Amino acid sequence: MPLRYDVPTPLEYFAALVQGDDVPLLEAAACIAHDEEPGLDVQQILGDMDQLQARLRRRLPADAGALQRLGALNQFFYGDLGFSGNLNDYYAPDNSYLHAVLRTRRGIPISLAVLWLELAQGVGLRAQGIAFPGHFLVKVLLPAGQVVIDPMTGESLSREALAERLEPFRRGATEDAQHEAPLGLYLQAATARDILARMLRNLKEIHRAREDWERQVAVQDRLLVLLPDAWTEWRDRGLARAELGHHRQAAEDLEIYLAHAAQADDAQAITSLVGALRRA
């Protein structure tokens, strides 16, 4: 009797990767592009990164210190391979798809960071992502302290430069709130789940701005697999489904949101919308 194997859907594949605590960041981030290219070979992407890691390791002496490894990594990534930010088309969805970033060598801070982190960890650096407001960053822990780096350029950032970047996000805060949130609080390491959520939310906002509701719903399907308790994502998927005319599914999503956010400022408006959707 021949054996039968059910091929997982792209969403099921993603769900399998993110169900536990030890999320494989590179693989999970790469398969985000399956919604756009269902036939994408994620294992090829992993293999390509393995080859880049091998090339980088061959450049390093066995006794290379952390600072030497960091310098070699940045020269390899930004100098030799030519990775940089896609400033000419910053909001293109391709900037969030790792296979496209590998091909074009252009991306946005978070997609560049995912690739950079993979290479950094491959040469033994203690590297982590930072979910900094407005611009994703990376850091490397060195014997003498930590270095914070802009993944768009490889530039190391001083405390003054970081404080300047943070200032626009602090302006609406009270003096007490500013006192309670020192710079170090914004430099905490981001988990793989945090990084994936930020990548998906970037895509979500791109699709919402373009009123591309089908793509927005596909992205939010992944967000809700990743963060099932993110109640505002249930609301936003419901609103996108309503735009598509999927009334029953939209109402179900919005009712889940209301069940957990009954005191939200928009609860009354969402309740009215659910009624209209149910009548439709």
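The exercises that follow concern helices in a predicted model.

**Exercise 1.** Determine how the span of helix H4 relates to the expected value, and which of its residues are buried.

*Solution.* Begin with the length: H4 covers residues 66-80, that is 15 residues, and from first to last C-alpha it reaches 20 Å, close to the 21 Å expected at 1.5 Å a residue. Next, apply the burial cut-off of under 20% relative accessible area, which selects Ala66, Arg69, Leu70, Ala72, Leu73, Asn74, Phe76, Phe77 and Tyr78 in H4. The cover over these buried residues includes helices H3 (42-58) and H6 (109-122) together with strands E4 (137-142) and E5 (145-149). Finally, look just after H4, where Gly82 adopts a positive phi of about 80°.

**Exercise 2.** Classify the packing of helix H10 (residues 213-226) against helix H11 (residues 231-243).

*Solution.* The two axes come within 9 Å and cross at roughly 155°. Because angles over 145 degrees count as roughly antiparallel, H10 is roughly antiparallel to H11, and their crossing is left-handed. Residues in the contact include Trp213, Gln216 and Leu224 of H10 and Trp234, Arg237 and Ala240 of H11; by class, the contact has six nonpolar, two polar and six charged residues.

**Exercise 3.** Classify the packing of helix H1 (residues 10-18) against H10.

*Solution.* The axes of H1 and H10 lie 10 Å apart at an angle of about 25°, so the helices are roughly parallel to each other, with a right-handed crossing. In this contact Pro10, Leu11, Phe14, Ala15 and Val18 of H1 meet Asp221, Arg222, Val225 and Leu226 of H10, which gives seven nonpolar, no polar and two charged residues.

Methods:
Residues are numbered from 1 along each chain as its sequence is written. This is a predicted model: local features need pLDDT of at least 70, side-chain atom pairs count only at pLDDT 80 or more; totals for chains, interfaces and linings use all residues. Side-chain values use heavy atoms; hydrogens and water are left out. Helices (H or I, at least four residues) and strands (E, at least two) are DSSP runs, numbered from the N terminus. The expected span of a helix is 1.5 Å times one less than its number of residues. Buried means under 20% relative accessible area, exposed over 50%, partly exposed in between (1.4 Å probe, protein chains only). Contact means heavy atoms within 4.5 Å. Axes are lines fitted to C-alpha atoms, for helices over the stretch in contact, and angles run from 0 to 180 degrees between N-to-C directions. Angles under 35 degrees count as roughly parallel, over 145 as roughly antiparallel, 65 to 115 as roughly perpendicular and the rest as oblique. A crossing is left-handed if the near helix is turned anticlockwise from the far one by less than a right angle, and right-handed if clockwise. Ala, Val, Leu, Ile, Met, Phe, Trp, Tyr, Cys and Pro count as nonpolar, Asp, Glu, Lys and Arg as charged, and the others, Gly among them, as polar.
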